[in-house]
Amino acid sequence: MAGARGAGGAAAATGARPGKRPGGPEAAPEPEESSLAGAPAPSLQEGSDSGLSESEESVFSGLEDSGSDSSEDDSAEEEEEVSSDEGHSGPEKTAGQQAATPSPSTEVARAQGCEEYAVDSSDEEDIRNTVGNVPLEWYDDFPHVGYDLDGRRIYKPLRTRDELDQFLDKMDNPDYWRTVQDRMTGHDVRLTDEQVALVRRLQRGQFGDVSFDPYEPAVDFFSGDLMIHPVTNRPADKRSFIPSLVEKEKVSRMVHAIKMGWIQPRRPREHSPSFYDLWAQEDPNAVLGRHKMHVPAPKLALPGHAESYNPPPEYLPSEEERLAWEQQEPGERKLNFLPRKFPSLRAVPAYGRFIQERFERCLDLYLCPRQRKMRVNVDPEDLIPKLPRPRDLQPFPTCQALVYKGHSDLVRCLSVSPEGQWLASGSDDGSVRLWEVATARCMRTVPVGGVVRSIAWNPHPTVCLVAVAVEDSVLLLNPGLGDRLAVGGTDQLLSAFVAPEEPAEQPARWLEASEEERRGGLRLRICHGKPVTQVTWHGRGDYMAVVLAAAGHTQVLIHQLSRRRSQSPFRRSHGQVQRVAFHPVRPFLLVASQRSVRVYHLLRQELTKKLRPNCKWVSSLAVHPAGDNIICGSYDSKLVWFDLDLSCEPYRVLRHHRKALRAVAFHTRYPLFASGSDDGSVIVCHGMVYNDLLQNPLLVPVKVLRGHALTRDLGVLDVAFHPTQPWIFSSGADGTVRLFT
């Protein structure tokens with residue numbers, strides 16, 4: 001129908017133009033267009049105008065004419081044409097009858113419309129919802145969702161499937177993913193492939209029409225090139241040169257109104273402050289409105305599992321607990337009733353203490369004094385803690401005294417002998433140097449053939465041993481310094497070991513040193529097969545803990561020197577281990593991973609406490625000599641102090657450094673602790689721990705020590721206190737060890 005009307009309208013438009021014949025060369029090939037074009041012009045003049053406007057609108061809007069949408073549109077258009085033809089006058093009516101002679105194209109279109117009604121579809125239910133522009137929420141409480149064309153209700157489909165049925169349907173139905181619910185009818189609709197493709201294009205942000213090209217070249221009508229002929233050669237109007245009389249009359253009226261005072265100029269608004277009553281919205285007659293300081297009553301605690309008529313078994317008391325509860329005083333009982341179990345809610349009897357509890361609740365509300373505390377005016381100076389002056393907290397290291405030079409690469413680690421007379425340092429140049437503390441003289445240089453990751457002097461005063469972590473092994477060196485009795489006793493202790501007849505399988509291998517290595521000071525070599533990152537001694541000097549750079553539960557190993565035995569204390573790992581430390585007093589082992597510090601009881605073989613430093617990456621760990629406090633350094637420039645008796649959360653977080661912390665240390669005698677950082681500084685703090693458990697530790701930073709030069713963006717790599725004096729040693733990336741006194 002639309003195509004026929006468009007063709008007829010176009011033909012009529014061509015016939016209505018003056019100076020052109022209807023039967024042009026375009027109409028010659030098709031006889032249907034010529035028959036329509038040969039109709040009298042007056043009767044089709046209005047139709048031609050409407051057809052021209054529709055064609056223009058369809059052309060300029062960019063929409064394609066897709067033919068008739070449905071049979072209703074065809075029948076409605078036919079009825080409009082018939083009624084419009086009947087409404088015309090006499091000559092126009094006869095002309096319309098002549099124009100309405102059926103052409104082949106219109107007969108085909110009407111035959112198609114009649115074929116649509118040839119099939120009787122009265123048995124099929126027409127479920128089109130004719131509810132109109134009405135919100136569907138209005139039908140939430142009704143069994144139907146709208147009305148069809150005959151006015152009958154469209155009932156909602158029964159939704160009796162539970163979640164299990166929906167899940168089974170989801171598993172069995174291959175089209176479940178493309179099935180949606182129609183909100184107008186409530187039925188499930190299966191999307192076609194074209195609709196699914198449309199949805200996917202819209203989800204990707206593309207255009208709905210497949211054939212639409214958003215990047216087609218734009219036709220620039222007004223180009224930048226100079227043209228010979230103008231776009232339009234229409235001469236200018238005469239009114240563009242003559243002043244407008246209408247505008248002149250408007251201006252004269254406005255001038256007259258201004259002279260008479262009818263039009264006033266706009267005055268600038270004065271911004272005056274507006275005040276309003278804060279309590280104007282409250283009802284003054286209400287009880288709560290009269291009492292400005294009203295405090296609502298506290299709510300009752302919600303019932304727990306013990307109040308249930310069918311509580312879990314762990315809430316039911318045993319016979320001993322029932323007898324103990326009955327012998328207690330009513331004020332000492334944790335619960336004022338005994339939990340009981342009933343088969344159903346119907347079998348629960350009335351609560352015997354209901355009236356008494358209601359009476360006690362009323363007494364609490366009546367006798368409880370509820371008032372708001374007035375704001376206390378506090379001087380801000382009083383809120384700052386009164387810290388003692390650093391002058392009153394001496395002694396502590398204040399200045400650089402000695403520089404120990406000799407390493408050619410960065411010094412990663414250092415350790416002081418128990419008497420404080422000797423100092424051992426390990427470097428990336430593959431050597432261990434032994435220094436005299438008082439003179440900064442290098443007594444011995446032991447080449448180890450690799451990067452020294454960690455070094456630790458045996459804390460026992462009668463054992464002269466230094467443990468050195470090199471690559472995948474731990475070397476036990478006898479430096480041969482100091483008391484000759486201690487040096488000889490150490491060798492005698494190591495040589496007194498008798499190997500068992502059936503050696504047990506161990507995670508590490510103990511190897512004796514050769515004669516040439518013994519002349520260099522090496523006594524034992526413990527091979528692990530994985531790189532060693534840290535070695536530390538127990539306070540008694542017989543046990544040694546080692547950290548391996550490997551994944552799994554064998555990251556931490558404990559070696560016993562006297563029996564040459566190795567063991568792995570853990571069955572599984574909790575992240576990459578960074579540092580370990582023995583507790584100085586109790587049989588505890590502290591293991592620091594990247595995000596937490598775990599405290600294990602070695603005798604009970606259980607986890608005692610887990611500390612949360614709240615930092616990104618723990619780098620170092622130190623334990624207070626009394627054993628109740630520990631400090632952790634992290635790569636995000638935080639120093640965290642933990643009080644083990646207080647909480648698993650940090651007691652204090654200090655952010656004094658600007659870069660990553662590499663090492664932290666406690667002094668064994670003085671209340672001092674220090675931290676070394678990549679910013680090249682060592683910060684010494686006073687950390688007083690009191691014997692009174694009610695008094696918190698006093699933490700005061702007292703001195704910033706500088707002296708190391710930054711090398712490869714690294715500063716201070718390790719710090720260690722002198723065992724008896726308030727001195728501190730620091731090793732840096734500049735290849736030096738410095739003593740501050």
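User: What makes the four strands β5, β33, β32 and β31 a sheet, and in which order do they stand?

Analyst: The order is β5-β33-β32-β31, an open sheet with antiparallel pairing. Strands here are DSSP runs (E, at least two residues), while helices are runs of H or I with at least four residues, both numbered from the N terminus. Two strands pair if DSSP finds at least two bridges between them. This is a predicted model, so local features need pLDDT of at least 70, side-chain atom pairs count only at pLDDT 80 or more, and totals for chains, interfaces and linings use all residues. Residues are numbered from 1 along each chain as its sequence is written, and side-chain values use heavy atoms, with hydrogens and water left out.

User: Why do β5 and β31 stand at the edges?

Analyst: β5 (400-405) and β31 (716-721) each have a single partner strand, so one side of each has no neighbour in the sheet.

User: How do you know that β5 pairs with β33?

Analyst: Five bridges join β5 to β33 (residues 736-740), and the two run antiparallel. Since pairing takes at least two bridges, they qualify. Val403 sits opposite Arg738 of β33.

User: What makes up the nonpolar surface patch of about 570 Å²?

Analyst: Met254, Ile258, Met260, Trp262 and Ile263 do. Met254 belongs to helix α9 (residues 245-260). Patch residues have over 30% relative accessible area and no salt bridge, with nonpolar side chains joined within 5 Å and like charges within 9 Å.

User: How many of the chain's 741 residues are buried, as a percentage?

Analyst: Buried residues make up 31%, where buried means under 20% relative accessible area (1.4 Å probe, protein chains only).

Key:
Areas by Shrake-Rupley, 256 points an atom, 1.4 Å probe, with all protein chains shown as cover. Salt bridge = Lys/Arg side-chain N within 4 Å of Asp/Glu carboxyl O. Buried < 20%, exposed > 50% of the residue type's maximum accessible area, 1.4 Å probe, protein only.
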